[in-house]
Amino acid sequence: MHGHTQDTAYLEGGFQDAPVDAARAFRSAMSAMARPGQIERLDTAAPPSPLSSAAGTLLLTLADPETGVCLAGAHDTAAMRAWLAFHTGAPIVAAGQAHFAVGTWDALMPLSQFSVGTSEYPDRSATLIVEMEDLRGEGVHLRGPGIKTTAALNLPDAEAMRANNAQFPLGLDFFLTCGARVAALPRSTQVSTLAEAG
Amino acid sequence: MTAQNDRKVWMSLLAKSPVTDLKRLWEGFEGAQPGAQSHVWLRAPEIGGVMVRGRTGATGAPFNLGEMTVTRCSLKLPGGEVGHGYVQGRDKDHATRAALVDAHMQTAQSEAIRRDVLDPLEETMRETTETRARKAAATKVDFFTLVRGED
């Protein structure tokens, strides 16, 4: 129970019609993950700064009391914790126990602190939501399941993504968010730099 | 801390209140205060289950008594006051009324709400409890005929 005069901004910015909003957002997130490099729109949530609308919508859709969320760097604010607690009930955990982690690429380093799953349960791995300054369908070339010919994304660190793919079937999955836009990079996607592709 | 304890008392009262009584009292209040109904949703009414836990005495270990259905919602009045409603059962309108009462208890209308809704509600619920206790007491058997072994 909170005091009467407490700031209540964190109570806002959730789904207005949770079943419908969550189903639509889930469809977009699934499409993004199924077609690496394809940029989808996710703007239902209005989370507190510095979380982007796309990352906020993802968390409202995917996080629940059974999924630990790790807030990295500047994303670990009191407002963020309160917002996440009210709207999802997800516990805030350390990187090693996280099902989801959110932050900028630099704040999420090193990637080795996150769980990549085990041979018996490769699904027990973390999904990273990387907040980007910019998200464009150009730069590093992508190949693999879900990509008919070739796709491209301006990845923050192609080498780290290549190393992640090399661990398949273990590894991390990434959502890349920028404002209201989101793209995904599952562990199955092969990453090649422009020079190689040419 | 007394403000928080006060709120605990009325939240508890609203959570256990019968649907029909709260509906009647709220509609009476709303009739006198048009516009009291207006709000925006922070969390639209949703139905879920909660585990009720119990403990025997003050020393027993906690145990799970069983699950019950609860409806909850959170809303904000035009003035910015936030109300939460947690009630028994599956009635979304009931949860909305409970949240509205909670929110209005934080406004200048708290006295009116207390007089028109909370106090009568408490009275009605106490009567119900007392009636039930009286009926139960009437069935009590005194074993005064038992031989006590004095002779």
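This is a short walk through a predicted model with a chain A and a chain B.

Let me start with where the chains meet. On the chain A side, 10 residues are in contact with 15 residues of chain B. The size of an interface is often given as the accessible area lost when the parts come together. For chain A and chain B that figure is about 1,100 Å², and 56% of it falls on carbon and sulfur atoms.

Next, the polar side of this interface. Between chain A and chain B the count is 1 salt bridge. Glu12(A) and Lys76(B) form it through their side chains, at 2.6 Å from N to O. Sorted by class, the side of chain A that touches chain B has 3 nonpolar, 6 polar and 1 charged residues.

One residue to look at here is Arg43(B). It sits in strand S1 of chain B, which covers residues 40-54. Is Arg43(B) buried or exposed? Its relative accessible area is 10%, and the cut-off for buried is under 20%, so Arg43(B) counts as buried. What does its side chain reach? The answer is in the other chain: the backbone oxygen of Phe86(A), at 2.7 Å. Beyond its neighbours within four places in sequence, Arg43(B) is in contact with Phe86(A), and also with Arg72(B), Cys73(B), Ser74(B) and Tyr86(B).

Now to aromatic pairs. How many are there over all chains? A search of the whole structure gives 2. In chain A, the rings of Trp105(A) and Phe174(A) have centres 6.0 Å apart and planes at 45 degrees, so this pair is tilted. Trp105(A) belongs to helix H4, residues 105-108, while Phe174(A) belongs to strand S7, residues 173-178; the pair therefore ties together parts of chain A that are 69 residues apart in sequence. Both Trp105(A) and Phe174(A) are buried.

In chain B, Trp26(B) and Phe29(B) make a tilted pair, with 5.4 Å from centre to centre and 40 degrees between the planes. These two residues share helix H2 of chain B, residues 19-32, and are 3 residues apart, about one turn of the helix. Trp26(B) and Phe29(B) are buried as well.

Back to chain A, for Thr61(A). This residue lies in helix H2 of chain A, residues 53-62. Its relative accessible area is 19%; buried means under 20%, so Thr61(A) is buried. The side chain of Thr61(A) comes to 2.7 Å from the backbone oxygen of Thr57(A). Setting aside neighbours within four places in sequence, the contacts of Thr61(A) are Phe15(A), Ala22(A), Ala25(A) and Phe26(A). From Thr61(A) to Ala46(A) is 15 residues in sequence and 13 Å in space, C-alpha to C-alpha.

Last, the backbone. Most residues other than glycine have a negative phi, and most peptide bonds are trans. Where does chain A have a cis bond? One runs from Ser49(A) to Pro50(A), with omega near 5 degrees. Pro50(A) is in the loop between strand S1 (40-41) and H2 of chain A. Another cis bond links Phe168(A) to Pro169(A), with omega near 10 degrees. Pro169(A) is placed in the loop between helix H5 (158-166) and S7 of chain A.

That is the end of the tour.

Definitions and conventions
Residues are numbered from 1 along each chain as its sequence is written. Chains are lettered from A and ligands numbered from 1 in the order in which they are written. This is a predicted model: local features need pLDDT of at least 70, side-chain atom pairs count only at pLDDT 80 or more; totals for chains, interfaces and linings use all residues. Side-chain values use heavy atoms; hydrogens and water are left out. Helices (H or I, at least four residues) and strands (E, at least two) are DSSP runs, numbered from the N terminus. Buried means under 20% relative accessible area, exposed over 50%, partly exposed in between (1.4 Å probe, protein chains only). Contact means heavy atoms within 4.5 Å. A polar contact is a pair of N or O atoms within 3.5 Å; within protein, one must be able to donate a hydrogen and the other to accept it, and residues adjacent in sequence count only if both atoms are side-chain atoms. Buried area is the accessible area (1.4 Å probe) that two parts lose on being put together, summed over both. A salt bridge is a side-chain nitrogen of Lys or Arg within 4 Å of a carboxyl oxygen of Asp or Glu. Ala, Val, Leu, Ile, Met, Phe, Trp, Tyr, Cys and Pro count as nonpolar, Asp, Glu, Lys and Arg as charged, and the others, Gly among them, as polar. Rings of Phe, Tyr and Trp (its six-membered ring) pair if their centres lie within 6.5 Å; planes under 30 degrees apart count as stacked, over 60 as edge-to-face and the rest as tilted.
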